[in-house]
Structures are given as C-alpha cells and as structure tokens.
Amino acid sequence: MKQLKKEDIPQEVFDLYDDYAHNKIQRREFIEKLSLYTIGGLTLPSLLSFMMPNYTDTMLVNPKDPKLDSEFITYNSGKGGGEIKALLSKPKTFEGKLGGIVVVHENRGLNPYIEDTARRAALEGFITIAPDALTPLGGYPGNDDEGRAMQRKRDRNKMLEDFIAAFGYLKNHEDCNGKIGVVGFCFGGWIANMMATQVSDLKAAVPFYGGQPKENIAKIKAPLLLQFAGLDKRVNAGWPAYEESLKVEGKEYQAFIYPEVNHGFHNTTTARYNKEAAELAWKRTIEFFKEKLV
C-alpha cells in the first residue's frame with residue numbers, strides 16, 4: 001500500500017478533521033464525509049489512519065528520561081473541580097529555584113501529547129504542571145473521542161479555575177521561584193488568554209491558536225506571545241479585534257502567524273503537525289519563558 005504523505009491530502013480533509021476535533025460534527029458524519037475523498041490511491045482506512053492521532057511513535061521525550069523528575073500529583077481547585085490530577089515535571093538536578101509553567105491541554109483532557117510537551121518544557125529548565133481538567137469525571141479516558149465528549153460536560157469557567165489553582169500550586173512550590181507563565185493549545189490557548197486577564201501576577205502567557213477574550217483586556221499585565229496557524233480561519237477571525245484592544249490598552253505582546261499550516265500544527269501526533277513551524281514556535285516559546293521567568 002502506498003505510504004500517504006501530507007501533500008497527498010486535500011486541504012478540505014484537514015478542514016473536515018478540524019470540524020470533527022472541535023465537536024462540530026460527530027465521528028459517524030466525519031467518516032461519511034471523509035469517504036468522499038477516497039479516490040485514486042486513497043482508501044478510507046488509510047485516510048482515517050493517517051488523520052487520527054498516533055501516540056505510540058510521536059513522543060519527543062522518554063517519560064523515564066534520567067534527567068527528569070516527572071510524577072502525577074493532585075492539588076486542590078476550590079472554585080473549580082475539587083481535587084485535580086496533574087503531571088508535575090522538573091529537571092533532576094538544578095541550582096537555585098526554577099521558573100514555573102502551567103501547561104494547558106486541548107479540548108480532550110491530559111493526553112500523551114500534552115504530557116510530552118510538559119516534560120519537554122521541564123527539560124529546558126522549568127518546573128511544569130500539566131493538569132487534567134477531566135479529573136472530576138474520572139480523568140483522560142485513553143482516547144480523544146471519549147475525552148472530547150467528557151470535556152463538553154464540564155463548564156469551561158470551572159476548568160479555568162482549575163488552571164488558575166494550578167498556578168497557585170506552583171507559586172507555593174518549594175522549587176519554584178514564583179515567576180510563572182502559561183502555555184496552552186486550542187482550548188488551552190483560550191485558557192492562557194483568560195488567565196492573563198484574571199491572574200495579576202502571571203509573568204508570561206503563550207496561547208497557541210487560542211480563542212480570544214472580549215473583556216478585561218485592560219487587566220492584562222503579563223506579556224503575551226501569541227502563535228497562530230495561517231490556515232486557521234476559525235480562530236484567526238477573532239485576532240484583529242483582540243490585537244486592536246491590546247494596542248489600545250498598551251499591552252506588551254508579540255504575535256506570529258505561521259503561513260500555510262493548520263490549526264494544531266504543534267501537535268506531533270496528528271497529520272496537522274508541521275515540523276518546521278512547530279520547532280520554530282517552540283523555540284520562540286522557550287526563549288520567551290527564559291526571558292520572563294528566569
């Protein structure tokens with residue numbers, strides 16, 4: 001069977017997957033519509049396999065990396081979901097205290113990609129916490145379809161409180177220097193933007209293709225590094241108004257739009273991943289955090 005490549009796939013298929021990943025269509029409808037693109041060498045099983053997440057072969061950090069301390073903990077989110085499970089990661093050896101990063105998952109709970117991202121950041125010299133907002137419902141179920149369904153059952157403002165509480169947990173951690181940032185992806189990008197409006201001592205926020213706040217922008221004190229996918233019409237539609245508000249309020253921000261890449265381009269596990277853009281965006285993220293949190 002021919003090995004599929006990204007260039008073999010019409011952009012409409014990526015747009016269709018975006019609708020599916022963001023709950024605009026259900027799996028059955030996604031598969032039915034996907035079948036319309038099974039022409040030539042494209043079979044439905046091969047196309048479906050190509051588009052769906054692959055958590056087996058795409059991790060960038062070994063969870064048992066000897067340079068890393070990484071373990072699951074629980075912390076209290078009084079205004080959110082109660083006791084929340086989270087992955088806490090830090091370098092095995094370090095001097096002094098570490099800057100902290102809250103790592104926020106997409107709309108499907110704490111899956112292996114987000115765990116991997118949190119460990120990557122820790123290896124760069126930070127203490128990171130990656131909460132699972134699905135904890136009150138039993139936690140990430142092991143697959144994204146069920147994870148998305150579960151996350152829809154939670155109020156997003158309660159989940160926001162969970163991540164704000166994670167900020168508080170890091171703030172009081174003995175290995176943290178008290179300078180804390182947030183990075184989030186998709187839903188997590190919205191959380192990162194919202195935390196900037198609500199957490200006055202947040203030191204940096206990096207939303208990846210995240211929805212934008214419409215209120216309390218004047219309250220933002222944290223510098224922002226905003227990362228957008230050039231083909232992401234849905235999220236990008238809100239950026240001009242947000243940018244205008246940031247300018248009016250005199251806020252510190254940088255924004256990068258990566259051309260010809262899809263929403264989710266940083267996610268190593270799906271066909272939307274773009275290695276060049278992802279590596280550049282991550283390099284900028286780490287440099288930004290080292291400037292603001294160390």
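Biologist: Just after H1, which residue takes a positive phi?

Modeller: That is Asn 23, whose phi is about 65°. The model is predicted, so local features need pLDDT of at least 70 and side-chain atom pairs count only at pLDDT 80 or more, while totals for chains, interfaces and linings use all residues. Residues are numbered from 1 along each chain as its sequence is written, and side-chain values use heavy atoms, with hydrogens and water left out.

Biologist: Which residues of H1 and H2 meet?

Modeller: From H1 come Val 13, Leu 16, Tyr 17 and Tyr 20, which meet Arg 27, Phe 30, Lys 33 and Leu 34 of H2, contact being heavy atoms within 4.5 Å. By class, this contact has six nonpolar, no polar and two charged residues; Ala, Val, Leu, Ile, Met, Phe, Trp, Tyr, Cys and Pro count as nonpolar, Asp, Glu, Lys and Arg as charged, and the others, Gly among them, as polar.

Biologist: What else covers the buried residues of H1?

Modeller: Besides H2, the cover includes helix H3 (44-51), H5 and helix H8 (233-236). Among the buried residues of H1 are Phe 14, Asp 18 and Ala 21, buried meaning under 20% relative accessible area with a 1.4 Å probe, protein chains only.

Biologist: Switching to Asp 144, is that one buried or exposed?

Modeller: Asp 144 is buried, at a relative accessible area of 7%, and lies in helix H5 (residues 144-151). Not counting residues up to four places away in sequence, Asp 144 touches Pro 53, Tyr 55, Arg 108 and Asn 111.

Biologist: Now the sheet: what is the order of its strands?

Modeller: The eight strands run E1-E2-E4-E3-E5-E6-E7-E8 in an open sheet with mixed pairing, two strands being paired if DSSP finds at least two bridges between them. Strand E1 (68-77) and strand E8 (253-258) are the edges, each pairing on one side only.

Biologist: How many bridges join E2 to E4?

Modeller: Four, and the two strands run antiparallel; Ala 86, for instance, has Pro 131 in E4 as its bridge partner.

Biologist: Where does H6 lie?

Modeller: H6 lies across E1, E2, E3, E4 and E5, running at about 120° to E1.

Conventions. Buried < 20%, exposed > 50% of the residue type's maximum accessible area, 1.4 Å probe, protein only. Axes fitted to C-alpha atoms, helices over the stretch in contact; angles between N-to-C directions.
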